[in-house]
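User: Please examine the structure shown here and answer a series of questions about its architecture and contacts.

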Amino acid sequence: MSLTALSRTTPTASLDGTRSTPVVYQCVVSLERTTPAGQPLSEADRRRPQQLRHLSCALLKLWGLPSFIESFELLVSELVTNALRHGEGPVVSVRICADAAYLHLYVCDGSPRKPVPRPLDDQTEDGRGLHLVAAFVDRLDVSDDGTTVHCALALPEHAA
């Protein structure tokens with residue numbers, strides 16, 4: 001696992017190529033997948049979501065956003081688990097950042113296919129992750145190439 005923590009004040013491009021507000025805080029983590037695509041997760045990969053929940057908790061405390069911890073940990077857990085289970089690239093990249101309006105989570109799994117939420121079914125134990133994420137966030141989108149899922153929580157002064 002490699003970690004890069006940055007503090008930036010320059011604008012960044014959003015998934016649709018438009019300029020967004022300046023990034024105030026940012027942390028990027030790259031996880032080398034230890035499980036081949038389509039196989040049950042290795043022990044190391046099963047630990048990754050928990051490790052990233054701990055990291056996000058520490059970051060949000062450091063950034064003065066402790067009220068977002070519980071929701072953000074759920075988002076991290078769901079999207080990282082999905083990336084490890086269904087992604088195809090050798091690396092899963094996680095970017096956590098905050099700007100003036102939103103707390104963002106980007107998860108890139110290297111898969112060229114866009115994730116598609118499954119129909120909800122009371123009989124199965126999985127397949128609810130993207131529905132759960134959508135219910136919690138103010139923004140949810142996928143990059144045009146299908147490799148990156150982005151979600152965002154509005155900061156209080158920007159909440160609807």
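User: By the ring-pairing rule, how many aromatic pairs are there?
Analyst: The model is predicted. Rings pair if their centres lie within 6.5 Å. By this rule the count comes to 1 aromatic pair.

User: Which residues form the aromatic pair, and is the pair stacked or edge-to-face?
Analyst: The pair is formed by Tyr25 and Trp63, at 5.1 Å centre to centre. The planes make an angle of 15°, and planes under 30 degrees apart count as stacked. The pair of Tyr25 and Trp63 is therefore stacked.

User: How many residues apart are Tyr25 and Trp63, and where do they lie?
Analyst: Tyr25 belongs to strand S2 (residues 23-32), while Trp63 sits in the loop between H1 and H2. The pair thus links distant parts of the chain, and the two residues are 38 residues apart.

User: In what order do the helices and strands of the protein run from the N terminus?
Analyst: The secondary structure of the protein comes to 3 helices and 6 strands. From the N terminus on, the order of the elements is β-β-α-α-β-β-α-β-β.

User: Are helices H1 and H2 roughly parallel or antiparallel?
Analyst: H1 (residues 43-62) packs with H2 (residues 69-86) at an angle of about 150°, and their axes are 9 Å apart. Angles over 145 degrees count as roughly antiparallel. H1 is therefore roughly antiparallel to H2.

User: Is the crossing of H1 and H2 left-handed or right-handed, and which residues make the contact?
Analyst: The crossing of H1 and H2 is right-handed. On the H2 side, the contact is made by Ile69, Phe72, Glu73, Val76, Ser77, Val80, Thr81 and Leu84. On the H1 side, the contact is made by Asp45, Arg48, Pro49, Leu52, Arg53, Ser56, Cys57, Leu60 and Lys61.

User: How do the residues of the contact of H1 with H2 divide into nonpolar, polar and charged?
Analyst: Among the residues of this contact are Leu52 and Cys57 of H1 and Val76 of H2, and Leu, Cys and Val count as nonpolar. The contact of H1 with H2 divides into 9 nonpolar, 3 polar and 5 charged residues.

User: Which residues does Val107 touch, not counting those up to four places away in sequence?
Analyst: Val107 lies in strand S4 (residues 102-108). At 3% relative accessibility, Val107 counts as buried. Not counting residues up to four places away in sequence, Val107 touches Leu79, Val80, Ala83, Val92, Ser93, Val94, Thr147, Thr148 and Val149.

User: Is Ser93 buried or partly exposed, and which residues does Ser93 touch?
Analyst: Ser93 is placed in strand S3 (residues 91-99). With a relative accessible area of 24%, Ser93 is partly exposed. Leaving out residues up to four places away in sequence, Ser93 touches Val28, Val29, Ser30, Tyr106, Val107 and Cys108.

User: How far apart in space are Val24 and Asp99, C-alpha to C-alpha?
Analyst: Val24 is found in strand S2, and at 36% relative accessibility it counts as partly exposed. Val24 and Asp99 are 75 residues apart in sequence. In space, C-alpha to C-alpha, the separation of Val24 and Asp99 is 4.9 Å.

User: What distance separates Gly146 and Ser111 in space, C-alpha to C-alpha?
Analyst: Gly146 is found in the loop between strand S5 (139-142) and strand S6 (148-154). Gly146 is buried, with a relative accessible area of 3%. Gly146 and Ser111 are 35 residues apart in sequence, and their C-alpha distance is 6.6 Å.

User: Of the contacts in the protein with a separation of 6 or more, what percentage is accounted for by residues 24 or more positions apart?
Analyst: The protein has 160 residues, and buried residues make up 39% of them. Among contacts with a separation of 6 or more, the share of residues 24 or more positions apart is 63%.

How values were computed
Residues are numbered from 1 along each chain as its sequence is written. This is a predicted model: local features need pLDDT of at least 70, side-chain atom pairs count only at pLDDT 80 or more; totals for chains, interfaces and linings use all residues. Side-chain values use heavy atoms; hydrogens and water are left out. Axes are lines fitted to C-alpha atoms, for helices over the stretch in contact, and angles run from 0 to 180 degrees between N-to-C directions. Helices (H or I, at least four residues) and strands (E, at least two) are DSSP runs, numbered from the N terminus. Angles under 35 degrees count as roughly parallel, over 145 as roughly antiparallel, 65 to 115 as roughly perpendicular and the rest as oblique. A crossing is left-handed if the near helix is turned anticlockwise from the far one by less than a right angle, and right-handed if clockwise. Contact means heavy atoms within 4.5 Å. Rings of Phe, Tyr and Trp (its six-membered ring) pair if their centres lie within 6.5 Å; planes under 30 degrees apart count as stacked, over 60 as edge-to-face and the rest as tilted. Buried means under 20% relative accessible area, exposed over 50%, partly exposed in between (1.4 Å probe, protein chains only).
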